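Thanks, everyone. I'll take one model today, starting with a single residue and then moving to the sheets.

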Amino acid sequence: MQSALIDRALLERALSVSHQPIYLPHCAAAGVDVLLRRDDHLPGGNKFYKLYFNLKEARAAGKDTLLSFGGAHSNHLHALALACQAEGFNGRVLVRGYPQSPTTHTLQDVSAAGLKVQFVGHGEYRRLCQTQQVPLASDEYLIPEGGANALGEQGASYIGRAVQQQLGGDVRHIVMAAGTGSTLAGVASALEGGTEALGVSVLKGPPGRSLYTGGKGRLPSWKMLWGFCGKGYGRPLTPAMLAFWQEFEYNNSVLIDPIYTLKMLWAVNQLAGLGYWRRGDRIVAVHTGGLQGRRGFTQQPATTISTVPEKTFARIKV
């Protein structure tokens, strides 16, 4: 991306994010330096970046209603609701599930923000996500599940750009959890030199196609790691992962979510124990947020840290 095309407001916001040294036992023993990038301090976490250019596009197209998809605990829908409140958009969300299902804290927040919630059966939901063929009203702008489109990847690229400007060429790996894979694709597209982007899949199967379509027609420097999702997406944690969650928060005084960031940090630590990282490596682990999702997770670590769910989508001119 040429410098003339850089969005200075988003870059400044990305550059304001701090990097906190953290303790992971296997990494410490292996001589690997791990910094936690605190994108959880942004409302919506990584979704803040993925929505940014989508909001700009909707505004430029004269659309005043945002339409998207997600599950009943979706971080994306929660961030979308915050964005609608902050930027004056209306919203309509298609939720995987059924009206008779118990409500969730996430959907309560989405409804309280004024968005219209419509439930869609699992088969129809899958079809709509795959085809993106959703009947739209004239004032509606469609954002795919998770913000996984080219504009979402463009926003996520500012994470990679900011890391390299803040920390220079000392960072060997930028590691993040991956669902659709669009944050990983965006981060990787911005990297230069020897820095590599690694995604830790939270799914048992391959992620979405967006990984293969970005990067201006080339494959950027990225890898996807599987085998660290435990029992599967949103499933109960194994005893070892639950213990790791509690120990991490106790040792580092940082809250993490059990669906994404926990599994990413688990992978970083386990890989160190297996000798995957080289002694002296410097790793940036991206905390993508998602703390609001802790409220719906049945397992909880014993921790004295206060939870502060994202409540405001700080306004940036879009």
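Asp 40 lies in the loop that connects β2, residues 33-37, with α3, residues 46-60. The model is a predicted one. Is Asp 40 buried or exposed? Its relative accessible area is 8%, and the cut-off for buried is under 20%, so Asp 40 counts as buried. Its side chain has a polar contact with the side chain of Arg 38, at 2.8 Å.

Next, the sheet that includes β2. It is open and has six strands, in the order β1-β2-β10-β7-β8-β9, with mixed pairing. At the edges are β1, residues 19-21, and β9, residues 222-225; each has a single partner strand, so one side of each has no neighbour in the sheet. From one strand to the next, the twist averages 25°. Within this sheet, β7, residues 173-178, runs parallel to β10, residues 282-286, and three bridges join them. His 173 is opposite Ile 283 of β10.

Now the other sheet on my list. Here four strands form an open sheet, ordered β5-β4-β3-β6, and the pairing is parallel. Its edge strands, β5 at 116-120 and β6 at 140-142, each pair on one side only. The twist averages 25° between one strand and the next. Three bridges link β3, residues 65-70, to β6 in the parallel sense. Thr 65 has Glu 140 as its bridge partner in β6.

Which helix packs on this sheet? That is α6, residues 122-131, which touches β3, β4 and β5. The direction of α6 makes about 125° with that of β4, residues 90-96.

That's what I have.

Notes. Residues numbered from 1 in each chain as written. Predicted model: local features only at pLDDT ≥ 70, side-chain atom pairs only at ≥ 80, totals over all residues. Heavy atoms only, no water. Pairing = 2+ DSSP bridges. Helix = DSSP H or I, 4+ residues; strand = E, 2+ residues; numbered from the N terminus. Axes fitted to C-alpha atoms, helices over the stretch in contact; angles between N-to-C directions. Buried < 20%, exposed > 50% of the residue type's maximum accessible area, 1.4 Å probe, protein only. Polar contact = N/O pair within 3.5 Å; in protein donor to acceptor, adjacent residues only side chain to side chain. Contact = heavy atoms within 4.5 Å.
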